[in-house]
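Please read the following report alongside the sequence and the model.

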Amino acid sequence: MQYPLIKTDLDKIRANSRLMTNLTRPYGIEVVGVTKGFCASVEIAQAMLDGGIKILADSRLQNLRRLRQELGGVRLMHLRIPMPSEVPDLVSVADYILISDAWIGELISKAALRLGKKQKVLLMIDLGDLREGVLPQNTFKVIEQLISLKGIELYGLGTNLTCYGAVIPTRELMEELVELATQARTRYGIELPVISGGNSSSLNLVLKKEMPAGITQLRLGESILLGVEAARRTAIPSAYSDAFTLYAEVIELLEKPSIPRGEIGLDAFGNRPVFEDRGIRRRAIVALGQHDIVVEKLKPLFPGVKILGASSDHMILDVSDADVNLSLGDIIPFSLEYGALIHGILSPYVDMVYDKNDSEKTKKILSGMNKINIKRPTA
Ligand SMILES: *Cc1c(COP(=O)(O)O)cnc(C)c1O
């Protein structure tokens, strides 16, 4: 265990999961907990379950396999429309698979029949975001093909918004999805018990009390992890936004000019940097860089500390205006946006610690934070 590390407060994940299930229940909506943002860490997935979530979802087969292995009979959903080559494996692990194509439906059906099972699938409808899904006008054509397949059960319709096209979910779009399902039920005499109304960006409709009846499910990742709805990244009232904290260690502290000396070429990543002359500044380097994380998606949690930039392994901070008096070896905490969280968790250089199982050693490392003294304002 060493720095940099990401600490997860599992109590806050539990509380956010509980909050989302409580917020959506009055609308007849079940929350599916999306685990891809934390690479399906079993500890965090378990915290979602402890918070009242009953179904977990991931976009990667490997992650679903691990969840199945570690968490046993929990219901699992595969989020990304499948690669044809992974269909047989998916069918052996997933309870629900999102699809957008009748031929994939055939592959799934064949694989399911071989296993002697009937695979539940949700047909994704593209309501304008232009990522996955059949266009609304082609829905019935695909449904007809799918319901003729012996190895699958068309279990519902779904949609995904605010991902590629950044289209914001509206009551009208949700009604369009519900209406397609209603028509399909009468036309084909099928049940379609699940209407999956999107990801964390659709949560806003629940918060504004604008979610129409008939939407029965939301697939939530970011809102549970970071306490924000995803359409405009606004905070969800009563949700924790600080379940994850990144810690990195100070390895240099020196006063330096704010403008480099010499002829300026390209930086470590081929960009031409620009600088503002603010005179001599106190700068800290922390042992963290672009090889560990997406530096642009971090925010220092100490007031007055500003990120100047980062190369592969060094992040440079301006600490001249910091409220704390820093020394070498001090640990600086950062908050993470979604993009940084997933890269940090995936990085072999960033360790993960959880509140509930901090080893003595971890506690000792984290207590390094105690070295930080609050700077007294000078008269
Ligand atoms: C990633 C993903 C989600 C979860 O998105 P969040 O914004 O993290 O809630 C839901 N559905 C699908 C299909 C996804 O790919």
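## A residue in a loop

Ile 259 sits in the loop that runs between strand S10 (244–257) and strand S11 (280–287), where strands are DSSP runs of E with at least two residues and helices are runs of H or I with at least four, both numbered from the N terminus. Ile 259 counts as partly exposed because its relative accessibility is 38%, given that buried means under 20% relative accessible area, exposed means over 50%, and partly exposed lies in between (1.4 Å probe, protein chains only).

When neighbours within four places in sequence are set aside, Ile 259 is in contact (heavy atoms within 4.5 Å) with Phe 275, Glu 276 and Asp 277. Val 274 is 15 residues away from Ile 259 in sequence, and their C-alpha atoms are 8.9 Å apart in space.

## Basis and confidence

This is a predicted model, in which local features need pLDDT of at least 70 and side-chain atom pairs count only at pLDDT 80 or more, while totals for chains, interfaces and linings use all residues. Residues are numbered from 1 along each chain as its sequence is written, and side-chain values use heavy atoms, with hydrogens and water left out.

The average pLDDT (the predictor's confidence in each residue, from 0 to 100) is 93 for the chain, and 93% of the residues score at least 70. Over residues 373–379, however, the pLDDT is below 50, and this stretch has nine contacts in the model beyond near neighbours in sequence.

## The chain as a whole

The chain holds eleven helices and 18 strands, and its C-alpha trace spans about 80 × 45 × 40 Å along the principal axes. Of the 379 residues in the chain, 51% are buried. Among contacts between residues at least 6 apart in sequence, 66% join residues that are at least 24 apart.

## Around the ligand

An N or O atom in the side chain of Ser 200 is 2.5 Å from an oxygen atom of the ligand, and for the side chain of Lys 36 the corresponding distance to a ligand oxygen atom is 2.7 Å. A polar side-chain atom of Asn 160 lies 3.3 Å from a nitrogen atom of the ligand; such polar contacts are pairs of N or O atoms within 3.5 Å.

Conventions
Polar contact = N/O pair within 3.5 Å; in protein donor to acceptor, adjacent residues only side chain to side chain.
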